[in-house]
Amino acid sequence: MILKKCSCLFVFLLLTISSFSQDRFTLSGTITDNKNNETLIGVNVYIPEIKSVAITNEYGFYSITLPQGNYTMQISYVGFQTITEKVVLLENTKINFSLFDSSEILKEVIVSGQNTGSNIRSPEMSLNKLSISAIKRMPVVLGEVDILKSLLLLPGVTNAGEGASGFNVRGGGADQNLILLDEATIFNSSHVFGFFSVFNPDAIKDLKLYKGGIPARYGGRASSVLDIYQKDGSSKGFHVDGGIGLISSRILAEGPLVKDKGSFLVGGRSSYAHLFLKLSEDQKDNSAYFYDLNTKLSYKLNPNNNLYLSGYFGRDVFSLNKSFINIYGNSTLNLRWNHLFSDKLFSNLSLIYSDYYYGLDLDFVGFKWDSGIKNYNIKYDFKNYISDKFKLNYGANAIYYDFNPGTIRPSDENSGINFDQLDKKYAFEPALYLSAEQEISKKISLSYGFRYSLFYRLGKSTVNNYEDNNPVTFNADLQIYEKATPISTRFYDKNKTIKSYNNLEPRFSIAYKINDDQSVKASYNRMVQYLQLISNTSSPTPLDVWTPSDSYIKPQIADQVALGYFKNFTNQTYSLEVETYYKKVQNRLDYIDGADLIANKAIEQIILNGQLRSYGLELMFRKNEGKLNGWISYTLSKSEQQTPGRTPLETGINDGQWYNSVYDKLHNIAITSSYNLNEKWSFGANFSLQTGQAATYPKGKYDYLGISVPSYGLRNENRLPTYHHMDIGATLTPRKNNGRNWKAEWVFSVYNLYNRKNAASINFRENVDTGNNEAIRTSIFGIVPAVSYNFKF
């Protein structure tokens, strides 16, 4: 019935095409960087006569349908010269534009282009866009430019502290973020347990972070979407970018396969700090390093067809005295075909493979453990530019998952001990979506639609059956949860359905333009997450096990509403964004006390389905132009979990009351700025302050058989100390760069300028002298100076 209704709505919206006047014609084309033919995402095509704007899509394509007449086109993009062109529209017209870098003329000023006010008119909200040039100006730890660290300076985004991987958005978990690199899923976004991200900044063209108001084409996660696109590679000439730092180096090459038609890009990074450990007798058997590779091939078959083949491969290796070895990383591959059916209908077909591997070699206990998740995704997306006031987006995708929860092998292959394979799990997730962007009047713009998702948990697998269908029992005498004993099992052949789900995920947002410089917006979205991360930390690693929803593990369902106020000042030189939100997540997993995750064949016996809620206020004041630019952001928020008892006799977790989630940060302040002194010197500074992470401390102790045992209070009722630090950086561009093919710069930075000893964790132990419990703070970074040398030719 739902599919029938969706199909009828789909046909009705398509039929609206015929209702538009035949005296309207379409302006369309592609906008590229003149230097390398790289397509540009998010370029404004502004028509001042009717105050209408079109924005290029992920492949640089724009389309706008207008009544017959004479128009002025203003093409503007951050960091590029604005183009103004007159056009007489008497028929469908295709015009391609190449933009020139504004720094060739205005080297001391960062410009944002013509004020189109698109951020005021568009119903998009809870969306942050960062340019790679801005990210590269931010000072970072050890001089390594890091995309994920830059996200932590945005309102509503935090992490679990130094040395923690992933990021948290609006009180959600790191596993609730959908991270895409050229449309392929990245399951772990960090290198070296969170010190660096997996994204090589030299290879990245564009990134967007959706915190709410998420478009219907995205699904599968409960909190946010980070959508990142790699550069296509230059089809005009051969170029090399690279950098040499204290602990890692990188190099990227790009050039034409066929001039102005095809291009390639290949880039690699590797750290080498572990080599210095070999010089120390005490540390020669320890190491921690990473390496990764970005690749892309692009080819323009004709004006209406383009092919792209992109890939990523990365690995982290951590070894401790050769007795503990941890290897993990992502691999992706994506083949895409862009096709222009007409000047109004753009399509993209993608075949995507993604693989996340996680392995442990525990020599001290004599076994190796491998796990991972693979997915195979086919998706077909369409964008229909019906008129300047009405656009349709629709498409479908299907993902097949292959989960390996664990393969256990003996460390000594000749020991004669057989390996143990935990039951592999399989799942299938198809979905379709339809959404519309519509300008109702000069003041009101809408974006609305839905996503219809299905999920099938498939065999080959053996499923446990439990009394009353409860894999976790409650011991009322001891007031604790315990594993239930299966009463029977059932085997399902491969691809036989074990459990299925279906969900309708509506999306809606509205913008009301008060005037040309200010507006109010509101949004609602429902997101459904069918994959769950079983982890023993608040961020991905050191133990990652992804598992599908099934009869016992229900999908997370997130509902979020947001309200915002947006204002531009002084011809968009300054901007203010204020948003408030409320989010509630059903079926958020919680763990029973003493949960054992490694090699667990019955994960359902240690988890409970609870709920999560978060709410907050976000403010961001930004200076967009001039020698000095940057932003100040502040977030006031709350994030809580609840796992109540299932029966009146059960107490639940924390007596069934709401308690602080590990992602709860009441206050979060971030300030970032950059200053271009002259052609030679530029400077940057960051300051971050956030409430300490929620934690559980012992409140006392008791003796048991002569052993002192700490007694803990309620879950997450305590906190680590407040986290804060300041970083500064300076970039020196030698004057001899002018007129030379070889261009270089020196980047100097100081992380944690005033040497704040932030607590990565606090552990408790018994003092041998007093017998009392004492707290031990673990800090990772003090003050960290760094220098790196970047070059291009």
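Visitor: What is the relative accessible area of Asn-755?
Guide: Asn-755 has 32%, which makes it partly exposed. The cut-offs are under 20% for buried and over 50% for exposed, with partly exposed in between (1.4 Å probe, protein chains only).

Visitor: Where does Asn-755 lie?
Guide: Asn-755 is in the loop between β50 (743-751) and β51 (761-766). Helices (H or I, at least four residues) and strands (E, at least two) are DSSP runs, numbered from the N terminus.

Visitor: What is phi of Asn-755?
Guide: Near 60 degrees, a positive value although Asn-755 is a residue other than glycine. Asp-468, also not a glycine, has a positive phi of about 60 degrees. Asp-468 is in the loop between β30 and β31 (472-475), and it is exposed, with a relative accessible area of 64%.

Visitor: Which peptide bond is cis?
Guide: The bond from Gly-459 to Lys-460 is cis, with omega near 25 degrees. Lys-460 sits in the loop between β29 (444-458) and β30 (461-465).

Visitor: Ground rules, please.
Guide: This is a predicted model, in which local features need pLDDT of at least 70 and side-chain atom pairs count only at pLDDT 80 or more, while totals for chains, interfaces and linings use all residues. Residues are numbered from 1 along each chain as its sequence is written, and side-chain values use heavy atoms, leaving out hydrogens and water.

Visitor: What does pLDDT average over the protein?
Guide: The average is 86, and 89% of the residues score at least 70. pLDDT is the predictor's confidence in each residue, from 0 to 100.

Visitor: Where does pLDDT stay under 50?
Guide: Over residues 9-21, for which the model has 17 contacts beyond four places in sequence. A contact means heavy atoms within 4.5 Å. Over residues 104-115 the pLDDT is also below 50, and that stretch has 31 contacts in the model beyond near neighbours in sequence. Where pLDDT is low, the predicted coordinates should not be read in detail.

Visitor: Overall make-up: how many helices and strands?
Guide: The protein has five helices and 53 strands. Of its 793 residues, 56% count as buried. Among contacts between residues at least 6 apart in sequence, 66% join residues at least 24 apart.

Visitor: Which residues have the most contacts inside the largest nonpolar core?
Guide: Ile-373, Tyr-401, Leu-531 and Trp-546, in a core of 38 residues. A nonpolar core is a set of buried Ala, Val, Leu, Ile, Met, Phe, Trp, Tyr and Cys residues joined through side-chain atoms within 4.5 Å.

Visitor: Which strands each supply at least two residues of this core?
Guide: Among them are β24 (345-362), β25 (367-385), β26 (390-410) and β40 (607-623).

Visitor: And what does Ile-373 touch?
Guide: Not counting residues up to four places away in sequence, its contacts include Phe-187, Tyr-401, Leu-531 and Trp-546. Apart from this core lies another, of 28 residues, among them Met-138, Leu-181, Ile-186 and Phe-199.

Visitor: How many residues of strand β49 are buried?
Guide: Eight of the 10 in residues 723-732, so β49 is largely enclosed by the rest of the structure. β44 (residues 681-690) runs antiparallel to β49 and is joined to it by 10 bridges; Phe-683 has Ala-730 as its bridge partner there. β49 also pairs with β50, in the antiparallel sense, over five bridges, including one between Leu-732 and Trp-746. Two strands pair if DSSP finds at least two bridges between them.

Visitor: In what order do the four strands of the open sheet come?
Guide: The order is β3-β2-β5-β6, with antiparallel pairing. The edge strands, β3 (52-55) and β6 (83-89), each pair on one side only. β2 (residues 44-47) pairs with β3 over four bridges, and Val-45 stands opposite Ala-54 in β3.

Visitor: Last one: which residues is Phe-793 in contact with?
Guide: Leaving aside its neighbours within four places in sequence, Phe-793 contacts Phe-238, His-239, Val-240, Asn-741 and Trp-742. Phe-793 and His-239 are 554 residues apart in sequence but 5.5 Å apart C-alpha to C-alpha. Phe-793 is in the segment after β53 (784-792), partly exposed at 36% relative accessible area.
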